[in-house]
Amino acid sequence: MHSHAFETQPSPGLKDMNPEQCAELLEQHPDFKVLRRLSHRSEYMSRAPGQTVARGIVLDTETTGLSSEQDRIIELGMLLFEFNPQTGAVYRLIDVFDQLEDPGRPIPPESTLIHHITDDMVRGQRFDDARVRQMLDGVSVVIAHNAAFDRPFVEQRWPEFEQVLWACSLRDINWSSEGFGSAKLEYLLYTQGIFYDAHRAETDCRALLEVLSRVLPNSQRPALLTLLESLNQ
């Protein structure tokens, strides 16, 4: 005699649902929170004719270590985007840069543990310096999520970055007053129902631009606008 006490039949129609429909069903239940993978989009908000447009760069580096004097950049990620400097609206992505460079020395294992970039991946690779400088042309601001770390590395490698305004999205937005328990980029996106594979330059840039394109929960102000206003203080 067979017992079927622990056998369950799928709900009618559940097996026919696609993942997004399943996610929407789960979201309606108070005991579940659904995370979606960060999408690689190029359009954020449509621009009405006559609105002011400026250019900005979201930047991230992966390096051999923590010292800008002794260590080297091995990956540079940059997103060139259009935004409205008066409202903080993010319009669209113009260009994407993501390249590796051989530091000319072995990458320390403790660094590879963080960003997963190996000696084999960078061997013989070199940044396109001309393209880096070209992307800087006409840019109003460079934004990094820990500018105190990225900026010295980048300015040492490309002195042109010294001529551009920098903003730090980690320190120049008061995340705790907006109700966030942490200012880590991964956490900020988790609260928005988004996850991504962190610690690679381009993906971290896309994560940051996603955060900046959104409205802060308590002040109800665009995150990018709050950041831009800190430039004048």
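Which residue is the bridge partner of V58 in β5? It is I143.

This is a predicted model, in which local features need pLDDT of at least 70 and side-chain atom pairs count only at pLDDT 80 or more, while totals for chains, interfaces and linings use all residues. Residues are numbered from 1 along each chain as its sequence is written, and side-chain values use heavy atoms, with hydrogens and water left out.

**View A. Five strands form an open, mixed sheet.** The strand order is β4-β3-β2-β5-β6. Helices (H or I, at least four residues) and strands (E, at least two) are DSSP runs, numbered from the N terminus; two strands pair if DSSP finds at least two bridges between them. The edges are β4 (90-100) and β6 (165-168), each of which pairs on one side only. On average, neighbouring strands of the sheet are turned by 25° against each other, direction ignored. Axes are lines fitted to C-alpha atoms, for helices over the stretch in contact, and angles run from 0 to 180 degrees between N-to-C directions.

**View B. Strand β2 pairs with β3 and with β5.** Ten bridges join β2 to β3 in the antiparallel sense. Towards β5 (residues 139-144), β2 (residues 54-63) runs parallel, with four bridges. I57 has L80 as its bridge partner in β3 and stands opposite V142 in β5. Because nine of its ten residues are buried, β2 is largely enclosed by the rest of the structure. Buried means under 20% relative accessible area, exposed over 50%, and partly exposed in between (1.4 Å probe, protein chains only).

**View C. The buried residues of helix α5 pack against β2, β3, β5 and β6.** In α5 (residues 147-157), these buried residues are A147, D150, F153, V154 and E155. Contact here means heavy atoms within 4.5 Å.

**View D. The largest nonpolar core has 32 residues.** A nonpolar core is a set of buried Ala, Val, Leu, Ile, Met, Phe, Trp, Tyr and Cys residues joined through side-chain atoms within 4.5 Å. V58, F81, I143, L209, L212 and L224 have the most contacts inside this core. At least two of its residues come from each of β2, β3, β4, β5, α6 (185-190), α7 (201-212) and α8 (223-230). With six residues, α7 gives the most. L209 touches Y44, V58, L79, F81, V90 and L93, residues up to four places away in sequence not being counted. Another core, of 22 residues, lies apart from the largest one; among its members are L59, V132, A147 and F153. In soluble globular proteins, nonpolar side chains tend to be buried together.

**View E. Helix α7 is mostly covered.** Twelve of the twelve residues of α7 are buried. From its first C-alpha to its last, α7 reaches 17 Å, close to the 16 Å expected at 1.5 Å a residue; the expected span of a helix is 1.5 Å times one less than its number of residues.

**View F. H199 and Q220 have positive phi although neither is a glycine.** Most residues other than glycine have a negative phi. The phi of H199 is about 70°, and this residue is found in the loop between β7 (194-195) and α7. H199 is partly exposed, with a relative accessible area of 33%. Q220 has a phi of about 60° and is placed in the loop between α7 and α8. At 56% relative accessibility, Q220 counts as exposed.

**View G. The structure holds zero disulfides.** A disulfide is a pair of cysteine sulfur atoms within 2.5 Å. The closest cysteine sulfur to that of C168 is in C205, 14 Å away, which is too far for a bond. C205 is likewise in no disulfide. C168 counts as buried at 9% relative accessibility, and C205 counts as buried at 0%.
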